[in-house]
Structure formats: C-alpha cells, structure tokens
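Subject: The structure for you to look at

Hi,

Here's the structure I promised to pass on. Have it open while you read, and my notes follow below.

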Amino acid sequence: MKGVLKPVKKGRGGVDIAHFKNTAETPVVRIPTPKLVTVAMQQNIGAPCTPTVAVGDAVLVGDKIGDSDKYVSAPIFSSVSGTVKEIKDIRLASGAVSKAVVIESDGRDAEADFTPPDVHDTESFIKAVRESGLVGLGGAGFPAHVKLNLPQNAKIDTLIINAAECEPFITVDYRECLEHGDDILEGVNAVAKYLNIKRVIIAVENNKPKAIRVLRDIADADNDSGDKVKIMILKSRYPQGAEKMIIQSATGRRIPPGKLPSDVGCVVMNVASIAFVGRYLKTGKPLVSRSMTVDGTAIKEPKNVRVPIGTSMDYIIDFCGGFNAEPEKIVCGGPMMGMALSGLNYPTLKGNNALLAFTKADKGALAVKKETDCIRCGKCHESCPMGLVPTNIVRFAKAKDAEKLKHAGTLVCMECGSCAYSCPAGKPLVQHMRLAKSIIREAQVK
Amino acid sequence: MSELQQKLTVSASPHFRSRQTTSGIMLDVIVALVPSLVASYIIFGVRTLVLSSVSVISCVAFEYFSRRIMKRHNTIGDLSAIVTGLLLAFNVPASMPVWTVIIGDFFAIVIAKQFFGGIGQNFVNPALIGRIVLMSSFPSKMGSFPEPLVSTVPITSATPLVLLKSGEMPAESLLGMFFGLRGGCLGEVCTAALLIGFVYLLVRRVISWHIPVTYMGTVAVIMLIAGKGDFEYVLYELMAGGLVLGAVFMATDYTTSPVSKRGKIIYAAGCGIITSLIRIFGNLPEGVSFSIIIMNILVPHIEHMATPKPFGTPKKSKEAEDK
C-alpha cells in the first residue's frame, strides 16, 4: 500500500491491556465556560511563569496572563474573558505549589484580536510556536518551542507524529485525527518545512481503523507533491506510543541512556500538538483550551470534552453527569501513567489528557492485589520495554547501592508501569523505581 | 469535598494491575501436575495418592510451623508448599515408605526453603534437595521400583535408564514408555501426562518454552551423537528417567532459574549437558536432579553474564565502563 510503512524493529516487552476506548465514537464537545478558572503558572516541565496581569485587570480569551524569561517555559493565556479576581498560591495535583491567576468569567468568551503569526524561516517559526503557549499535549507538558529548537549540529531526518495513544481509555488523540485531519496536515507541513525535515512518519495503533483512514489520506494528499509522509501502523500493545519505542519502531534507532530524540535524528510530536501548530499558524489563537477524555466506571456519562485551561476538575465531572457511584480512585491521565488525585479541587493543566474515575466495585483490573513476596518469576523483566530487571533494581534500592542501580539502567526507566501491571506479587514497582532514581540522584549530589 | 477526599485511594501509577497472582500461578502449576497424578494413580495404584497427600500435608505443615517458630508471616496461602510436596512425591518410587518421604519434605521446606528466607529466596530447588537427601539416605529404596500396573512390591530389575547405560535397549516399547508403562518414580513415568501439563503451563503463560525445550533439546543432541545417530536411542533417553518432569516442572522453578531469555537458554543448556554427561559417564544412572541443582547454584553468575543491557546502551562505552 502506498504511503504505509511497516515498523522497522519490533520493541521488546510491553503488556496487553484491554483498551477501554469507550469514548472513541464520542465527538469532542465544548464544555460550557465555567464561572471561574484557576490558571496555574506552572503548566510545563521547566520554569514556571510569572503573572503578567494584576488583580482587577480585564482580560479577553487569548490575552497573555503569564510569561517567563527562562528558556524552558511557555507563556500562558487567559482561557476566558472577564476579570482577574485573585492571584494566589495553589496546590497542584502533583502536590507542587504553584502561583495561579484566578479569573472570573463574564460569560461572553470575547476573544482578543488574533493575527496569524508572521512565519517565514526557522527562527520566526520557533518564535511563533513559543508565542502560541504550546506544550506537549500528550501528557508530558514539555514546551514545544524547546523541542523544536534543534541544536545546530543535529542532523534530523525524521519527524514522527505520535497518534498511537496506547494508554487505555484515552481517545482525544483519536478524535483529533477524525475531527481535525486538515490541521494535522498543515502542522506536519509547517514543521517539516521550517525544520527542514525530509521524512514524516505518522504512527498509529492498528485498533484505530478510522483514524488510519484519515491519516492515510493525509499521507496520500501530501505524497502528490513528493514522497514525504508515511503512516506506520503499530500492533496495539502498551506502551507502543512511548517516545523511545516509537522511534525504535519507525527508524530502528535506539536513544542511548540520557540522550534525546534529536541525538538519533528524530523529532517526535503528539498528534494533538501538531494539529494545534497547524491551527495556530492559520489563526494565531494561542493555547487556551484542550481536549480531555472523561471516563471510567464511576462516571455517569463518559465524554470527550474541550476544556478551558484552568477549569476545575469537579466542574468537568459535573458536566459529565457526575458520579454514578462513589469513586474509589480518580486518575488524571491514563490508568497506566496517570496520577491519582486526592480530590477534585484541581485546575486543568495544558498537559491533562484524561480524567478517569473508578468505583470500588470495579473488581476487575483496578482491585489492588495484596503484596506478597517476590518469587523472581521475571515477569517484570519480560514486560519491561527498556530491558531492565526491576526485581534486581528493587534489591539494589533496598541496599541503597547507587552504583549498582546506575549500572542496572535505573535512569532509563520511563515509568510506563508495565512491570507493576504484570507483577503477580503485587509489588508497587514503579514506586520502587522512583525511589531508586532518587537514590542515584542523591548520590550524584554528594 | 473533604468527605470525598477521605474516601479516595491515592497511590502510585499504574492504577491497573493484571489479575495474575502468586497463588494463581502456583494453582496453575498444581493443575498442570494433575494429569501426571492421575496417570500415576492408574499406573501405580493407591500408593500414589497416599504418598502425594502425605507429602503435600507434610510440606504445608512444615512451612506453617517453621515460619511460626521463626516469627515470620504465614505463607501457606501462596500454595507453593503444595507444589513442592507434589513434586517431591513425584520424585520417589511408589514403594517408598511414607516416613522417609516426610524426612524429604522436612529437608525441602525447612532446610532448603525456609532457612534461606522462604519463597523467592531459596537458591536451590527445594523438592530436588528433598529428593537428593532421600537418594543419599535410602539409596536402595530410591533405586528399586514396582512394576507398573502389577504390584506395589518393588522389584530390582533394571530400569530403562540402567539398560540404556549398559548399551542395551529397554524391553519396554517406545509407546509404552510414552504412556508410562515402565519402572520409575511416581510422577516421571508418564511422558504423555507431563507433556499435557507442559502445554497447559505454556498456554497459561506460567512458563516460557525456553528452559524445557533447550534442556530436552540439548540432551537429544548429545544423545544423538553418543548413540551414533540412533533416533530410537534418543527417544528412549528423552523419556527415561526424570528428564521431562525435571525439564518442565523442576528446572523452570522461577526462584532458581534466570529471569532473562538468554540466561534461561544458557542455564537449560547447562542442565542438558550435565544430565547427559552423568548419564553417559557417571556412576549414577540418572543425573537430572544433580544437573538442575548444579545449574541452580550457577544462576547468579549466569544472570550476571546474560542479563540484557538497558535499552539503547551503546556496546562500546559499556565495555569501557566495565574496565
């Protein structure tokens, strides 16, 4: 088939998890604008922003309300029109404390004047991406302009668009493919043009035939003017969509420990991020809202929603009919890598792609196993896409042996959770891995 | 809100877990042993059930009381003591006196397993230690087997392995060997039943093919050379003694085998080589137990050699670092 690429190299490990893509055929609906948004100033990996507005200021949708002079940081824009009511410290779901701008909406959603950015070369393109406020929408929240600002000597030959969406439940990237195929195409063209990348590979899992059709059309449309865009269909298996895995599948290259995709000639972007780039270059409207999947056994009406940044989680749950039973666990993000919330009083961040709630009766997968002794069955190693031996790492961590931990590749761990998922002894292996990493970091500081 | 907060579970990711548990795995192993138990009952009669149940009960009791005395938490719920009990019973002749089996159970559970910290910590296979203790303590009782389907009185006539060693072909037909009509220990005689168990373990993903296939394959290759290309001889060697039982159920013990695929292959090949060497050159007719125990001891070294390097580790710099 024209434009379809077979994965070059099969990744090791991983786990087969039920997909639970219940909301796949649910179009994204815009949530009614909340009365109040709390826009945190820490929205990305890297430096937080400082508010550029003061209490009492009137703002429109898209007005800049936070910025930073640090390099690894992206500006933040108001997601509603109204008045800045308060600037205060809040606690984020991660437990971190961040400054936040609380804006009272006037309900009009009046937009600022957007003009498409003037983009003519790499430099102006990177600048435009920075001014769009884009951070990785796949969940990591890494400022896009930093990712796209490649080192001078880097030889980048491949742009990989990640539409794998391998985490269970989440369907927003899938919806992005179905609803905004043209934006994806424009984003792809822009990034390839201004970064001078000759080859584009769109990676998608084979459990999304409709998305594959759309993406193939994109590849075909583009191939009329050259043979640049290919689509790569991956067998659906968690964590195929992880950056390192997807680069390996697409190019056969492996990122060495501690290195970046650019070190192996690749740039990887989430499909929603690339679609946003396409939209932004057309309209000049910065990142003020994002799509989220709201699902799980405790949610009355599972939905895909478009949410203004800063909307409170409980408002989103209310919009989805509230809980149909008492939730036992609420997760922000996917069930494999997401974060369990201690409540609902948290604001939406740019990187949040899902809000899931599960009941206690969810005896299936959620039920926590009783922790028993490790029997060295090796299932953690078998499922580790990075080829680590988590059970050994646990042992070294108990002995606080930083040298052995480093040698065992602890820092390569991406915390995908495959090991803990498959452990028959119910060990919280990801937690152990985090502990192991902190032991190494401590030893390095000393 | 605060009410909700108190009720929510907050824990580290992942929030989903597979349903597989340790006791579930052990239960699968027990299920996989059932065909052999049934076959053994048909072949050796009620002695099979007596020895197996005594062995299982003793192992569970030893596990329970030894852990209690050592003030450790109770682990009989993980069912691993039942597996050990069954396997040890499978490793003795039907004519073995009951009290001797209890001694074997003691060494298996208390000495080999609990003294080293219990499940997951023992460095040699407990059931095999039990068997070796019995072999060295009661060599004549462990070395004479009742005739299948006939009586429970042990006869001292040569087993297929002994005949093979002296260069003769066994009297049993290959088909008879396959279905277990030969002298031997309780659980080792019926190859057919053991293979059913093997397939079950593979299907349930309790074990992978690496250890059993490499182990038996290595023995087959060596025996093919030793037998100068005689395939009949190779088939007799494969089905005689405890090779299938050892390769499928004993060498694959998680705790005492390597975790990586490469390690598993090295380990199993080692088992196969030692088994063949003992069978061809050794004084004993059978070498499965000793070969597995020896390779058990080497597992840490094999792991050190064979564990794959973390994702993306460049080959060169790693060597430099090791130096």
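Start with Glu205(A), which stands opposite Leu234(A) in strand 12 of chain A. Keep in mind that this is a predicted model.

Next, the helices. In chain A, the axes of helix 4 and helix 7 (residues 271-283) come within 7 Å of each other and cross at roughly 85°. Angles from 65 to 115 degrees count as roughly perpendicular, so that is the word for how helix 4 of chain A sits relative to helix 7 of chain A. On the helix 4 side, the residues making the contact include Ile184(A), Gly187(A) and Val191(A). From helix 7 of chain A, Ile274(A), Gly278(A) and Leu281(A) are among them.

Now for the rings. How many aromatic pairs are there over all chains? The count comes to 13. One of them is Phe125(A) with Tyr194(A), a stacked pair with 5.1 Å centre to centre and 20° between the planes. Phe125(A) lies in helix 1 (residues 122-131) of chain A and Tyr194(A) in helix 4 (residues 181-194) of chain A, so this pair ties together parts that are 69 residues apart in sequence. Both Phe125(A) and Tyr194(A) are buried.

Phe169(A) and Phe358(A) make another pair, edge-to-face this time: 5.4 Å centre to centre, with 70° between the planes. Phe169(A) is in the loop between strand 10 (158-163) and helix 3 (172-179) of chain A, while Phe358(A) is in strand 18 (residues 354-359) of chain A, so the parts tied together here are 189 residues apart in sequence. These two, Phe169(A) and Phe358(A), are both buried. They also belong to a cluster: ring pairs link them with Phe20(A) and with Phe16(B).

One last thing to find: Lys303(A) has its charged end over the ring of Phe319(A), 5.1 Å from the ring's centre.

Happy exploring!

Definitions and conventions:
Residues numbered from 1 in each chain as written. Chains lettered and ligands numbered in written order. Predicted model: local features only at pLDDT ≥ 70, side-chain atom pairs only at ≥ 80, totals over all residues. Heavy atoms only, no water. Phe/Tyr/Trp six-rings, centres within 6.5 Å; stacked < 30°, edge-to-face > 60°. Helix = DSSP H or I, 4+ residues; strand = E, 2+ residues; numbered from the N terminus. Buried < 20%, exposed > 50% of the residue type's maximum accessible area, 1.4 Å probe, protein only. Lys NZ or Arg CZ within 6 Å of the ring centre and 35° of its normal. Pairing = 2+ DSSP bridges. Axes fitted to C-alpha atoms, helices over the stretch in contact; angles between N-to-C directions. Parallel < 35°, antiparallel > 145°, perpendicular 65-115°, else oblique. Contact = heavy atoms within 4.5 Å.
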